[in-house]
Amino acid sequence: MTATTAVSSGKARWPVPTGLGIAASCAFAFVVAPLIVVAGAALNAEAMFFPPRQLTLRWMMAALTEGSFVNGALISFVVAVVAAAFSTLFALPVALQLRKAPPAVARILTLSFMGPLLVPSIIFALALYSVMIYAFGVTNLSILMIGHVIITMPYPVRTITAVTEHLDPALEDAAGSVGASPWRTFVSVTLPLIKPGVIAGFLFAFITSWNDFSISVFLTPRELQPLPIKIYEYLLYQYRPIIAAVSTWSVIGSAIIVLIIDRLVGLNVFTGRRS
Amino acid sequence: MAEQFDIELSHCRKRYGAINVLDDVSLRVKSGEFITVLGPSGCGKTTTLRAIGGFITPDSGHISIRGRDVTHLPPYKRNIGVVFQNYALWPHMTVAEILGFGLRIRKLPREEIARRVDRALGMVQLTGLKDRYPRELSGGQQQRVAMARALAIDPEVIILDEPLSNLDRRLREELRIELKRLQRSLGVTMLFVTHDQEEALSMSDQVVVMQSGRIQQIADPRTVYERPANRFVAGFLGSANFMAGELVQNAQDGKAQVKLGNGAVVGAYAPSAKTAGEKVTVIVRPEWLVLERPGNQLAANQLEGTVGDVIYEGSAIRYGITLDHDPEAPIFLQERSNADVLNPGDKVRINVINAIIATD
Ligand SMILES: Nc1ncnc2c1ncn2[C@@H]1O[C@H](COP(=O)(O)OP(=O)(O)OP(=O)(O)O)[C@@H](O)[C@H]1O
Ligand SMILES: [Mg+2]
């Protein structure tokens with residue numbers, strides 16, 4: 001009953017596919033197709049094909065128990081959590097300070113904090129690598145994390161400024177008027193009100209770090225390789241569906257995080273507009 | 001010993017770029033007084049209030065609260081209740097949490113906080129809404145919560161920035177009376193910012209009239225209305241007709257006789273001494289003009305003219321009148337609406353019963 005209504009109302013709204021509608025569907029297919037291919041390949045029994053010849057969940061299961069990948073995922077997870085935590089922590093004062101700057105200055109500064117997005121990350125990684133080798137003679141996990149903090153900073157800066165833009169300064173003044181010190185005001189009023197932006201920024205930073213390849217490929221110490229590097233190295237020598245399965249799990253994880261962000265603040269934090 | 005004031009501003013100045021937003025502002029508020037800062041948009045009312053609250057520091061001058069110099073103290077060390085124009089209620093807290101916030105900061109015992117929250121809610125007649133969030137309240141209720149939050153901390157003074165301007169007319173008038181009653185019963189000193197002259201006149205013990213960062217007059221409502229210090233004050237409070245005239249004799253003890261353009265002589269209040277023959281402008285409020293049905297002899301204080309606009313205002317009727325002797329400067333006259341209604345084009349005779357000599 002409900003299904004019928006839904007279909008008929010859907011028909012009423014889309015009588016004939018328009019040019020725009022077709023273009024949008026193509027774009028959607030274009031974006032989603034690789035994900036489907038990867039997921040499909042992961043369901044193969046023997047070698048990777050698409051569409052899969054024989055369906056099995058064997059590789060999906062195997063991916064979760066294969067020591068090398070689990071190990072890589074663990075390292076990726078630790079690096080991503082630490083990097084995202086630091087970049088969010090650094091982004092907080094930046095966003096709060098930008099709010100107090102004159103609008104023109106704030107706009108320019110906001111754009112410069114997007115800088116890491118503009119430099120090709122492989123170039124940036126190379127630069128960081130040479131500096132670190134020069135300074136310390138080695139790379140280690142903390143240097144990898146520093147690299148990740150830098151490339152992930154733009155996300156929390158953007159998501160937090162998107163929220164602070166809509167924060168009425170009178171709310172903080174009001175806290176001061178009843179006796180709250182600046183710190184108390186921050187903890188009890190500012191932070192709870194910008195929390196969605198902070199969490200979204202953290203999660204975006206997390207995903208970016210988790211999926212990063214180009215920074216990691218330079219800065220990763222031999223014995224502590226994060227997942228994307230593990231996948232890459234595996235692919236150099238072997239070609240089995242387990243690699244597609246690992247990627248599929250990674251995509252599923254990222255997708256869940258994106259959904260959480262959307263629930264928290266809406267993905268339009270990146271356009272600065274809120275629903 | 002010098003008298004102590006609850007709020008005292010002396011020679012406060014504040015510049016933003018090229019404009020003097022506060023230009024030598026001084027004012028004193030006695031304990032228990034209700035004082036209103038009134039002026040057009042952009043005249044510096046909010047800036048005055050923010051300086052008292054501690055949200056900005058004046059470039060020069062001093063501010064004291066109950067004799068304590070607070071000029072350089074941050075807001076949280078001042079103990080001043082503030083009611084913001086858009087209420088600024090914290091959206092993530094319930095009413096009880098909002099009112100209790102300042103008390104929790106003061107580390108009062110839990111029962112004491114609950115007691116004082118209840119008392120503040122009782123004062124603004126909101127008992128029973130403790131667990132609501134601000135978005136679940138109407139505009140009027142939000143306004144009351146903002147008021148209660150300021151009261152709950154037991155402040156030395158309360159300052160309010162146009163607290164009623166976001167409400168519809170009915171509610172505004174209701175809350176105006178309620179607020180005034182509350183202020184009187186608690187005996188708390190309040191400084192109230194508004195651009196609404198009716199609000200200022202009906203609530204205040206003292207009215208501070210501001211223009212472009214300068215105080216134009218500080219006086220009780222009756223005085224600012226009936227004895228405005230200058231042309232700006234006269235024009236800003238209520239409506240005012242301006243008429244040209246000449247002094248018949250030296251003005252003394254505030255009393256003067258002014259001859260208007262048609263030869264009519266009217267008695268006027270003179271704020272400063274003036275000599276006979278001096279050209280002056282007199283201010284005449286619309287209700288200081290009384291219609292006289294055309295008779296035979298023109299009395300000393302009468303003018304003649306023709307009715308132009310007829311504006312019905314419910315309790316009153318306002319006539320635009322073109323004077324015979326000065327058609328360039330039409331005037332307004334106000335009469336109770338239960339009198340006979342005149343029509344445009346009617347010839348009228350007007351008694352001038354009161355006037356003030358304008359100073360700049
Ligand atoms: N932070 C600021 N920077 C620059 N100019 C300011 C600032 N705050 C206020 N002004 C200017 O100071 C003047 C007085 O502002 P203020 O807010 O005190 O006016 P107001 O009397 O409260 O007006 P309104 O009735 O519109 O609220 C205005 O011209 C305003 O543009
Ligand atoms: Mg204002």
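Modeller: Two residues are in contact when heavy atoms lie within 4.5 Å. The model discussed here is predicted.

Colleague: Why is helix α9 of chain A called largely enclosed by the rest of the structure?

Modeller: Buried means under 20% relative accessible area. In helix α9 (residues 154–164), 11 of the 11 residues are buried, so the helix is largely enclosed by the rest of the structure.

Colleague: What makes up the secondary structure of chain A?

Modeller: A helix needs at least four residues in its run, and a strand at least two. By that count chain A has 14 helices and 0 strands.

Colleague: Where does UniProt place the feature "transmembrane region" in chain A?

Modeller: The unreviewed UniProt entry gives residues 20–43, 69–92, 104–127, 133–151 and 239–265. These annotations may be inferred rather than shown by experiment.

Colleague: What is the helix content of residues 69–92 of chain A?

Modeller: That span is 100% helix and 0% strand, with its end C-alpha atoms 34 Å apart. For residues 133–151 of chain A the figures are 79% helix and 0% strand, and the end C-alpha atoms lie 19 Å apart.

Colleague: How do you know what share of the contacts in chain A joins residues 24 or more positions apart?

Modeller: Contacts with a separation of 6 or more are taken, and residues 24 or more positions apart account for 73% of them. In chain B, 65% of the contacts between residues at least 6 apart join residues at least 24 apart.

Colleague: What percentage of the residues of chain A count as buried?

Modeller: Of its 275 residues, 41% count as buried. For the 360 residues of chain B the value is 50%.

Colleague: How many positive and negative side chains does chain B have?

Modeller: Lys and Arg count as positive, Asp and Glu as negative. On that basis chain B has 44 positive and 43 negative side chains, with the centres of the two sets 6 Å apart. Chain A has 16 positive and 10 negative charges, and their mean positions are 8 Å apart.

Colleague: How many helices and strands does chain B have?

Modeller: It has 8 helices and 20 strands. Its C-alpha atoms fill a box of roughly 80 × 45 × 40 Å along the principal axes, while those of chain A fill one of roughly 70 × 65 × 30 Å.

Colleague: Which domains does the domain assignment of chain B give?

Modeller: It gives domain 1 (7–233) and domain 2 (241–357). The contact between them takes 6 residues from domain 1 of chain B and 7 residues from domain 2 of chain B. The centres of these two domains, taken over C-alpha atoms, are 39 Å apart.

Colleague: What does UniProt list for residues 7–237 of chain B?

Modeller: An unreviewed entry lists "domain: ABC transporter" there. In the model, residues 7–237 of chain B are 37% helix and 26% strand, and the end C-alpha atoms are 25 Å apart.

Methods: Residues are numbered from 1 along each chain as its sequence is written. Chains are lettered from A and ligands numbered from 1 in the order in which they are written. Side-chain values use heavy atoms; hydrogens and water are left out. Buried means under 20% relative accessible area, exposed over 50%, partly exposed in between (1.4 Å probe, protein chains only). The place of a charge is taken as NZ of Lys, CZ of Arg, CG of Asp or CD of Glu. Domain bounds come from an automatic or database domain assignment.
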